[in-house]
Amino acid sequence: MSTLENADQPQAAQTQTPPPNNSRAPSLEDLGLTPSQTQSDPQLQARLDKRAHMLKIHQRLGLITAIPMIASVATGFGAGGKGTSTSDRWAHLALGSVTGDLYFTTAYFAIFAPRIPGTQTRGPIRVHKALAWIHGPGMILTPILGAIAFDQKSKGEKVHGIASAHGAVAIVTAGAFGAALLSVSLKF
Amino acid sequence: MNTKFLIGLLFFAASAFAQADQQWILQQNTLTYHVSHPLHQSEGVSHEARGKGVCHQGQCDFLIAVPVKSFDSGDSNRDLHMVQAVRGAQFPLVTVRTRLPEDAGSSATVHADLEIQFAGQTAEYKQVPLQLAKDGDNFRITGTVPATLSDFKIDPPSLLTFPVKNEIPVRVEMTWHAEK
């Protein structure tokens, strides 16, 4: 390609013949690629497929979980306080239970998705994972506190003691869950 | 004595002509794919392509290969998902083959027919415009390959149930060095 050196003299665009299929054309062996870069790994592909499948379910269930979670928080404002009806509390309890079941099913698909060896976690997924340390314990604590509060209200008592933190813990949990969802959805 | 010298000279000349005229080695490269999603615009970059060009009888055959997993989008989760979606563990390399006329460098732009093997499929892109610029002993080549997911039978990955766009243009920036 000695005449390439005339490239600083622009000319009309050129066309060329189809890609080669001859013995002089370079081969992959000529490029000095390592076997680890060129060898097919069906087992890794199967692992990646399973991981992607599980994380897809995780993603969908996470979105679905957000619906009863929002409804639980909304009904929670009516379930507490002095003048609440029994039906409000039961509705809140039912929504909370559905949220909890969906949440832990969602978490299962993330926790048990196959890990890929040698992968260093980078990017928004780090925020997503870090927030799980807030909403995970929150989703354990919230129903426990809610059960205590429900029991106290059912006895005609004012919600007191540790159960009075139920609302605050639930809001922080829902906030962390929403932030986790957004962290992998929107580009910051 | 003169006869022997002439025979020797002819033999040397014949063997010299039988060899490839020139070889090109890919020295530096940046390959960038672009993916569009209603909520995201993301790019993955690789600098790990290897390439070689061999010229003979007025034509230069080029081969470029890049490991699929070498593309970095800054998000390890996305990168793993990309490798899965394009079957990158099963087909770990993207290879590009093309043939250019030996005097292609006399133009500022060359239109190349590219044969690309990716995700276990082969697609041909005709007349892809590539810009050439001389930089000392090197040549800098830039251009964009108008790749699409459907060309390689790749199911579009989705986020929040919205799939990415079919178009995944790949920006190519390469510096080739002549080896004599």
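Colleague: Hello! What should I know before I start?

Modeller: Residues are numbered from 1 along each chain as its sequence is written, and chains are lettered from A, with ligands numbered from 1, in the order in which they are written. The model is predicted, so local features need pLDDT of at least 70 and side-chain atom pairs count only at pLDDT 80 or more, while totals for chains, interfaces and linings use all residues; side-chain values use heavy atoms, leaving out hydrogens and water.

Colleague: How many residues of chain B are in contact with chain A?

Modeller: Contact means heavy atoms within 4.5 Å. Here, 67 residues of chain B are in contact with 57 residues of chain A.

Colleague: And what is the area buried between the two chains?

Modeller: Buried area is the accessible area (1.4 Å probe) that two parts lose on being put together, summed over both. Between chain B and chain A it is about 5300 Å², and carbon and sulfur atoms give 56% of that. On the chain B side, B:Arg50, B:Leu80 and B:Arg99 lose the most area to chain A, together 11% of what that side buries.

Colleague: How many salt bridges cross the interface?

Modeller: A salt bridge is a side-chain nitrogen of Lys or Arg within 4 Å of a carboxyl oxygen of Asp or Glu. The rule finds 2 across the interface of chain B and chain A. One salt bridge joins the side chains of B:Asp72 and A:Arg122, at 2.9 Å from N to O.

Colleague: Which part of chain B gives the largest share of the side that touches chain A?

Modeller: Helices (H or I, at least four residues) and strands (E, at least two) are DSSP runs, numbered from the N terminus. Strand S4 (residues 59-67) of chain B gives the largest share of that side, with 8 residues.

Colleague: Where is the disulfide, and which hand does it have?

Modeller: In general, a disulfide is a covalent bond between the sulfur atoms of two cysteines. The rule used here asks for a pair of cysteine sulfur atoms within 2.5 Å. The structure holds 1 disulfide over all chains, and B:Cys55 is joined to B:Cys60 with S to S at 2.1 Å. The link of B:Cys55 and B:Cys60 is right-handed, with 105 degrees about the S-S bond.

Colleague: Are B:Cys55 and B:Cys60 buried or exposed?

Modeller: Buried means under 20% relative accessible area, exposed over 50%, and partly exposed in between (1.4 Å probe, protein chains only). Both B:Cys55 and B:Cys60 are buried. In chain A, A:His58 has a relative accessible area of 18%, so A:His58 is buried as well. A:His58 lies in helix H2 of chain A. By contrast, B:Thr122 counts as partly exposed because its relative accessibility is 43%.

Colleague: How many residues of helix H2 of chain B are buried, and what covers them?

Modeller: In helix H2 (residues 76-85) of chain B, 7 of its 10 residues are buried. Among them are B:Leu80, B:Met82 and B:Val83. Their cover includes helix H2 (42-79) and helix H4 (124-154) of chain A, together with strand S1 (22-37) of chain B. After H2(B) comes B:Arg87, with a positive phi near 55 degrees.

Colleague: Which polar contact does the side chain of B:Thr122 make?

Modeller: A polar contact is a pair of N or O atoms within 3.5 Å; within protein, one must be able to donate a hydrogen and the other to accept it, and residues adjacent in sequence count only if both atoms are side-chain atoms. The side chains of B:Thr122 and B:Gln117 are joined by one of 3.4 Å. B:Thr122 itself sits in strand S7 (residues 121-135) of chain B.
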